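Welcome to the tour. Open your viewer, and we will go from one selection to the next.

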Amino acid sequence: MQANAQTAQVDDLTLIALPTAVNCADLFVRFTLGEWRLRNMTAECSAVACALVEAAVDSADPKTSRLITLRLRLTGDYLVVELEAARFIMPPTSPDLRTGELQLAGGIKLIWCELPLPTGVNANAVPLPRREKRRSPAAEALGDEPDVDPELIQRILFGLGGSMGNGQQR
């Protein structure tokens, strides 16, 4: 991994090492790269991420923690796919890709694979995702949101907290 490059964006997903984790990893990659406007890298990144997750699932010990974390990071000229797992055997990867392994605390391994960003693109040039505030179709059907008195909400929350929080009724 590049030691001097700063991470511009990062997103991660924690999964349980079950066969369904591979499909979840694919969806996660597709969503994240869509948000980062790097859709042209989806096929390659998804293949790498799914191979890493599948290897983690195959390597998992049912008697220990089966949590795995899949992370995508934009840094320098690379999209880095990382996977943290308690047990892991590195699957074969393309000789063109830079990969590595790092032992973390608690017996967790960090496996990483760098995918070069398209020519002329670096991590700082990838725009941050923008989300617009949208209401659900059901909320739109109800019309405008009613005005709510903040003091009334505070009294309701205080009343609920008092009767549920310490077992004493007010």
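Begin by selecting residues 20-35, helix H1: its 16 residues reach 23 Å from the first C-alpha to the last, close to the 22 Å expected at 1.5 Å a residue. That expected span is 1.5 Å times one less than the number of residues. Helices (H or I, at least four residues) and strands (E, at least two) are DSSP runs, numbered from the N terminus.

A word on ground rules: this is a predicted model, where local features need pLDDT of at least 70 and side-chain atom pairs count only at pLDDT 80 or more, while totals for chains, interfaces and linings use all residues. Residues are numbered from 1 along each chain as its sequence is written, and side-chain values use heavy atoms, leaving out hydrogens and water.

Staying on H1, colour its buried residues, among them Ala21, Val22, Phe28 and Leu33. Buried means under 20% relative accessible area, exposed over 50%, and partly exposed in between (1.4 Å probe, protein chains only). Just after H1, click on Arg37, which takes a positive phi of about 60°.

Next, select H2. Its 18 residues should span 26 Å at 1.5 Å a residue, and the end C-alpha atoms are 25 Å apart, which agrees. Its buried residues include Cys45, Val48, Cys50 and Leu52, and their cover includes H1, E2, E3 and strand E5 (109-116).

Now pick out the cysteines. How many disulfides are there in the whole structure? A search finds zero, taking a disulfide as a pair of cysteine sulfur atoms within 2.5 Å. For Cys24, the nearest cysteine sulfur belongs to Cys50, 9.9 Å away; for Cys45, that of Cys113 is nearest, at 8.8 Å. Cys24 is partly exposed, with a relative accessible area of 35%, whereas Cys45 is buried, at 0%.

Move on to the surface and select Val148, Leu152, Ile153, Ile156, Leu157 and Leu160, a nonpolar patch with about 510 Å² of accessible area together. Such patches join nonpolar side chains (Val, Leu, Ile, Met, Phe, Trp, Tyr) within 5 Å, from residues with over 30% relative accessible area and no salt bridge (a Lys or Arg side-chain nitrogen within 4 Å of an Asp or Glu carboxyl oxygen). Areas come from the Shrake-Rupley method with a 1.4 Å probe. Val148 sits in the loop between helix H3 (137-142) and helix H4 (150-165).

Finally, zoom out: the protein has four helices and five strands, in the order β-α-α-β-β-β-β-α-α.

Technical notes. Patch = residues over 30% accessible without salt bridge, like charges linked within 9 Å, V, L, I, M, F, W, Y side chains within 5 Å. Contact = heavy atoms within 4.5 Å.
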